[in-house]
Amino acid sequence: MLAGVQRLEQKQRERQDRLQKYCKLYNNSSIKQKLNREALKYLMVNDKYKTVYCYIAKVACTQWKRVFLALNNVNLRNVTDRKVIHNRTYFRFLDSYSDEEIKLRLQTYYKFLFVRYPMERLLSCFRDKFERENDDKYYEQSFSKRIVDSFRRSIDPKSDNSVTFEKFVHYISTVGFNEDDHWATYDFVCQPCVILYDFIGRFEDMSEEAPYILRQTGMDKAATFPSFHTHNTKSKILEYYATIPKVKIVQLVKLYERDYEMFNYRFPGPLAQYLEGFLNWDSTESLKRSGSTVAHSSYGKIEIAHSK
């Protein structure tokens with residue numbers, strides 16, 4: 001048990017070091033970032049346990065919302081109704097606090113997030129929202145026509161009305177980039193170069209890391225982490241992305257490049273077989289492109305930017 005915790009904490013130090021190096025390199029005085037107050041709607045707060053969780057869609061956020069439901073209302077401890085789980089009225093989000101209250105919580109509360117291999121997350125979103133039978137028709141009604149129309153205008157005027165993975169990728173990598181939280185970048189949603197997170201979790205290590213966070217915050221006294229399954233998305237990555245032109249995949253990855261670099265995800269990863277001979281790209285290269293140290297960094301400094 002102790003060895004497992006030590007290994008987990010060492011892994012965590014490596015992730016934190018990676019992120020800080022990235023942020024010091026890119027978040028220097030010439031491009032200093034401010035806290036985007038609007039995006040604080042993604043940060044869930046529990047004042048009793050002094051915890052802030054930045055939820056990222058398709059990274060087990062349903063399970064974490066169930067945890068926070070149990071903390072907020074004992075009567076909702078075993079709820080499985082997705083309409084209840086994703087109902088924002090049952091939660092408190094950081095954007096609902098005053099500026100001073102926001103700063104206090106970001107400086108003193110335990111803050112955590114979980115990330116996932118970016119291309120796997122996008123595929124999970126497509127399969128969940130556009131491929132499976134779903135009682136919630138929001139995405140079908142709100143995005144299907146836009147996705148098809150965008151593909152017809154740019155790629156194939158004679159394309160049919162079906163929403164394929166190729167059409168979805170074309171849309172989110174052009175006019176629809178960061179348009180919805182299910183495919184918005186981790187950088188946009190959680191602002192990890194401005195907010196100093198205490199724990200950076202990975203979807204791939206959820207079974208080990210979720211219980212650790214519950215113990216660290218004391219939330220384990222009131223809640224357990226629900227079991228979850230991934231619909232076998234990881235094994236489907238090559239199958240789906242092989243339907244996408246290789247140049248489009250590279251363009252898509254460039255859009256999510258900051259997420260790859262911040263959290264040390266490698267490209268091409270599971271797409272190496274499909275892209276063999278097409279490129280020679282290493283997600284760590286941009287961290288090496290400058291040998292000099294950055295004299296000034298605003299990493300961890302909280303300065304709130306309000307929408308005009």
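A salt bridge here is a side-chain nitrogen of Lys or Arg within 4 Å of a carboxyl oxygen of Asp or Glu. The pair links distant parts of the chain, 58 residues apart: D47 sits in the loop between strand 2 (43-46) and strand 3 (51-54), and R105 in helix 4 (residues 99-108). Helices (H or I, at least four residues) and strands (E, at least two) are DSSP runs, numbered from the N terminus.

Keep in mind that this is a predicted model, in which local features need pLDDT of at least 70 and side-chain atom pairs count only at pLDDT 80 or more, while totals for chains, interfaces and linings use all residues. Residues are numbered from 1 along each chain as its sequence is written, and side-chain values use heavy atoms, leaving out hydrogens and water.

How covered are the two partners? D47 is partly exposed at 29% relative accessibility, whereas R105 is buried at 11%. Buried means under 20% relative accessible area, exposed over 50%, and partly exposed in between (1.4 Å probe, protein chains only).

Now look at a second salt bridge, where D198 meets K111 at 3.3 Å, N to O. D198 lies in the loop between helix 8 (186-190) and strand 6 (199-202) and K111 in strand 5 (residues 110-115), so this pair ties together parts that are 87 residues apart in sequence. D198 is partly exposed at 35%, and K111 is buried at 3%. In total, the count comes to 20 salt bridges.

The axes of helix 5 (residues 118-131) and helix 7 (residues 165-172) come within 11 Å and cross at roughly 115°; axes are lines fitted to C-alpha atoms, for helices over the stretch in contact, and angles run from 0 to 180 degrees between N-to-C directions. Helix 5 contributes L122, L123, C125, F126 and F130 to the contact, and helix 7 contributes F165, F168 and I172. Contact means heavy atoms within 4.5 Å.

Within helix 7, F168 counts as buried because its relative accessibility is 0%. Leaving aside residues up to four places away in sequence, F168 touches L122, C125, F126, F130, I147 and W183.

Finally, step back to the whole protein. It has 14 helices and 7 strands, and 52% of its 308 residues count as buried.
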